[in-house]
Amino acid sequence: LRNLLTRTKTPPKPENIPNAIYEIPCGDCPGTYCGQTRRPLHKRIAEHQSFTRRANNIPGEELQYKSGVAHHALTTGHRIAFESTSILTSAQHPTQLDLLEHAAIKIRKPELNRMHSAPAIQKPWAIVLPDIEAAFRPRPAFPPSITDT
């Protein structure tokens with residue numbers, strides 16, 4: 001009870017949360033992308049934004065895209081709705097991120113991820129997928145500020 005009543009530290013803004021599993025929607029179709037980051041989320045989103053502005057075009061090599069989000073944006077001409085990015089969940093420790101991302105891909109089936117399905121999961125972990133899914137509580141990564149209204 002004391003911990004709840006005497007919380008003196010201000011929680012970080014959602015976009016500054018590290019160890020996050022996030023979902024980015026396409027602004028022109030129902031497609032989404034699920035990813036993970038150990039760094040503050042706004043830094044990873046900035047990378048995705050940068051990648052959507054340009055492909056890794058090396059002369060003499062096949063055109064390559066640095067993320068599934070960039071591939072979708074640059075091959076379809078769709079606008080990615082970065083401002084609508086959601087945090088699905090965050091982890092206490094970075095070692096939890098791979099399992100959480102796998103669960104997000106397996107459960108949410110994001111169309112923009114370059115793998116069409118999540119890799120096979122070992123049976124002991126498959127049992128906990130429903131519990132992990134229950135932990136996904138999408139919340140805006142970039143909530144509108146009072147001055148935006």
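Helix H4 buries Leu-97, Leu-100, Glu-101, His-102, Ala-103, Ala-104 and Ile-105. The model is predicted. Its four strands form an open antiparallel sheet in the order E2-E1-E3-E4, and both H2 and H4 lie across E1, E2 and E3. The largest nonpolar core has 14 residues, and another core, of twelve residues, lies apart from it.

**Helix H4**

- The cover over the buried residues of H4 includes E1, E2, E3 and helix H6 (129-135).
- H4 runs at about 170 degrees to E2 while lying across E1, E2 and E3.
- The twelve residues of H4 should span 16 Å at 1.5 Å a residue, and the end C-alpha atoms are 16 Å apart, so the two values agree.
- An α-helix has 3.6 residues a turn, so residues three or four places apart point the same way.
- Lys-109 follows H4 and has a positive phi, near 50 degrees.

**The sheet**

- Strands of a sheet pair through backbone hydrogen bonds, in either a parallel or an antiparallel sense.
- In the open sheet E2-E1-E3-E4, the pairing is antiparallel.
- Strand E2 (32-37) and strand E4 (139-140) stand at the edges with a single partner strand each, so one side of each has no neighbour in the sheet.
- E1 and E3 pair over four bridges in the antiparallel sense.
- Strand E3 (residues 86-90) pairs with E4 over two bridges, again antiparallel, and Ile-87 has Arg-139 in E4 as its bridge partner.
- E3 is mostly covered, with four of its five residues buried.

**Ser-86 in E3**

- Ser-86 lies in strand E3, where Glu-23 stands opposite it.
- Is Ser-86 buried or exposed? Its relative accessibility is 16%, so Ser-86 counts as buried, the cut-off for buried being under 20%.
- Beyond its neighbours within four places in sequence, Ser-86 is in contact with Ile-21, Tyr-22, Glu-23, Pro-138, Arg-139 and Ala-141.

**Nonpolar cores**

- In soluble globular proteins, nonpolar side chains tend to be buried together.
- Within the largest nonpolar core, of 14 residues, Ile-24 and Ile-80 have the most contacts.
- E1, H2 and helix H3 (68-76) are the elements that give two or more residues to this core; the largest share, three residues, comes from E1.
- Which residues does Ile-24 touch, not counting those up to four places away in sequence? They are Gly-31, Thr-32, Tyr-33, Ile-45, His-48, Val-69, Ile-80, Phe-82 and Thr-85.
- The other core lies apart and has twelve residues, among them Ala-91, Leu-100, Ile-132 and Phe-136.
- Leu-100 is also one of the buried residues of H4.

- Helix H2 (residues 41-53) lies across E1, E2 and E3 and runs at about 40 degrees to E1.
- Two packed helices are described by the angle between their axes and the distance between the axes.
- For H2 and H3, the angle is about 35 degrees and the axes are 8 Å apart.
- The crossing in which H2 passes H3 is right-handed.
- On the H2 side, His-48, Phe-51 and Thr-52 meet Val-69, Ala-70, Ala-73 and Leu-74 of H3.
- His-48 and Val-69 are also among the residues touched by Ile-24.

- Most residues other than glycine have a negative phi, and most peptide bonds are trans.
- Asn-19 is not a glycine, yet has a positive phi of about 55 degrees.
- The loop that holds Asn-19 is between helix H1 (2-5) and strand E1 (20-25).
- Asn-19 counts as buried because its relative accessibility is 10%.
- Lys-109, also a residue other than glycine, has a positive phi near 50 degrees.
- Lys-109 is placed in the loop between helix H4 (97-108) and helix H5 (123-126).
- Is Lys-109 buried or exposed? Lys-109 is exposed, because its relative accessible area is 56% and the cut-off for exposed is over 50%.

Technical notes:
Residues are numbered from 1 along each chain as its sequence is written. This is a predicted model: local features need pLDDT of at least 70, side-chain atom pairs count only at pLDDT 80 or more; totals for chains, interfaces and linings use all residues. Side-chain values use heavy atoms; hydrogens and water are left out. Buried means under 20% relative accessible area, exposed over 50%, partly exposed in between (1.4 Å probe, protein chains only). Two strands pair if DSSP finds at least two bridges between them. Contact means heavy atoms within 4.5 Å. Axes are lines fitted to C-alpha atoms, for helices over the stretch in contact, and angles run from 0 to 180 degrees between N-to-C directions. A nonpolar core is a set of buried Ala, Val, Leu, Ile, Met, Phe, Trp, Tyr and Cys residues joined through side-chain atoms within 4.5 Å. The expected span of a helix is 1.5 Å times one less than its number of residues. A crossing is left-handed if the near helix is turned anticlockwise from the far one by less than a right angle, and right-handed if clockwise.
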